[in-house]
Amino acid sequence: MMLGSSFNMKSAVQLQQPLKCAVRMHSLTPAVRLQPALQSARVRGARGMLGALARGSRALASAPAGQGETDSPETVSTQHFRLSPHAHPLNAKPERLTKAAYETSEGDVSNKMGRQQNHIWSREELQDKLETYKDVHTPVEFSDHVMHAIMYYGLYHPFNFITGYKEINPSPRSIEWRLIILESFAGVPGFVAAGFRHFRSLRLLQKDYGWIGTLLEEAENERMHLLVCMKMFKASWLTRTLALGAQVGLTPFLMAVYMIKPKALHRFVGYLEQTACKTYHNIITHVETPGTELHAAWAHLDAPAIAKGYWHLAPDAKWVDALKCMYADEANHRDVNHTFASMEADDPNPYLHKHREDAVKAWKIFEEEHMRKHPEKAKEVAQ
Ligand SMILES: [Fe+2]
Ligand SMILES: [Fe+2]
């Protein structure tokens, strides 16, 4: 089902929530934030786009009622982006998100460049993401309420109790095994969803419309978080048992949810990531606050080499710098999954272009590093 042909006000409101998450992330004016589009515009050096977005954001805030615009600084638009003349906050042009456009750009979207390349965060991007840690989705549908209740009352609060986690001055020990279990579980849903969509594509002889790559990248990203944590902490037999139990116990649940209602699983992951953002933000705040247990134990620690390589951190990067990258990844997963939860299964993935931009950025960094290490090659290229 195409969004463009079937979109109604109810679904517009549902889709608005994750877009609000995305829109709140940056600030062109104090009231309107448009990070993803700004990031994309920066990457491409498209200064004109910034002006267009600024104009679009101001127009959104001042558009008359009845055209789907509201005067609330928290609300972007009640119109779907395909029907709106304004720039999409993800910088995905409406014409690029139709099935017809997807069909005619098959060569472009099937190009493998960019698959599995994680985003390399700049200092400014990290700071902007850190400001979004309170962004949450308010349940709308019945399934949203069910997933919200399972996440917060079935998992988050009991997990806090089991791991002995306190929001104020948490102990390093309570964080260590919490992160290992959290990250070992967080890598499951993306892979489950990618697997189901892969089999669906094969079974129905249909395209996937670009979701699988994003979901696999998310799964790999979470697994990298786990591997980074394993360089910092030792997993006891109890932690290993809990990680195993979480995978064995929860994977069938995730699969069942995806079989019955895929949107509900993406919503569930969106809520999971909200809690992860809250936890990581709290950890980072304490590590950077003298007088806390985490500051005493972690502030002086260097980032492990695996983290420096994965996020291209500086040689003297600290452990807290790696934690900030993990937080930013979780914030990205939160927004992606809330967006997927508001889309139909055969809507083209609006994040496809980001993978390519991530790959181009990574390639440029690699090239610059390579040229610095091998100045003779730089001379050859210059000639
Ligand atoms: Fe993670
Ligand atoms: Fe995550």
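## Terms and model

Helix axes here are lines fitted to C-alpha atoms over the stretch in contact, and angles run from 0 to 180 degrees between N-to-C directions. Helices are DSSP runs (H or I, at least four residues), strands are E runs of at least two, and both are numbered from the N terminus.

This is a predicted model, in which local features need pLDDT of at least 70 and side-chain atom pairs count only at pLDDT 80 or more, while totals for chains, interfaces and linings use all residues. Residues are numbered from 1 along each chain as its sequence is written, and chains are lettered from A and ligands numbered from 1 in the order in which they are written.

## Overall make-up

The chain has 17 helices and zero strands. Of its 383 residues, 40% count as buried. Buried means 20 or more other C-beta atoms within 10 Å of the residue's own; exposed means 12 or fewer; partly exposed is in between, with C-beta atoms placed from the backbone.

Residues are in contact if their C-beta atoms, placed from the backbone, lie within 7 Å. Among contacts between residues at least 6 apart in sequence, 74% join residues at least 24 apart.

## Helices 9 and 10

The axes of helix 9 (residues 172-204) and helix 10 (residues 211-232) come within 8 Å and cross at roughly 160°. The pair is therefore roughly antiparallel. The crossing is left-handed, meaning that the near helix is turned anticlockwise from the far one by less than a right angle; clockwise would be right-handed.

Nonpolar covers Ala, Val, Leu, Ile, Met, Phe, Trp, Tyr, Cys and Pro; charged covers Asp, Glu, Lys and Arg; the others, Gly among them, are polar.

L205 sits in the loop between helix 9 and helix 10. Its phi is near 55°, a positive value in a residue other than glycine. L205 counts as exposed, with 6 C-beta neighbours inside 10 Å.

Helix 8 and helix 12 have axes that come within 9 Å and cross at roughly 40°. That makes helix 8 oblique to helix 12. Their crossing is right-handed. Among the residues that meet are M147, I150 and Y156 in helix 8 and F268, Y271 and L272 in helix 12.

Helix 7 (residues 123-130) and helix 15 (residues 319-341) come within 9 Å, axis to axis, and cross at roughly 60°. They are therefore oblique too. E125, L126, K129 and L130 of helix 7 contact K324, Y327, A328 and A331 of helix 15. Five of these residues are nonpolar, none polar and three charged.

## Nonpolar cores

A nonpolar core is a set of buried Ala, Val, Leu, Ile, Met, Phe, Trp, Tyr and Cys residues joined through C-beta atoms within 7 Å. The largest has 53 residues, of which F268, Y280, A322, L323 and Y327 touch the most other members. Elements that give two or more residues to this core include helix 8, helix 11 (237-260), helix 12 (262-287) and helix 15. Leaving aside neighbours within four places in sequence, Y280 contacts L323, M326, Y327 and E330. Another core, of six residues, lies apart; V336, M343, Y351 and L352 are among its members.

Definitions and conventions
Parallel < 35°, antiparallel > 145°, perpendicular 65-115°, else oblique. Contact = placed C-beta atoms within 7 Å.
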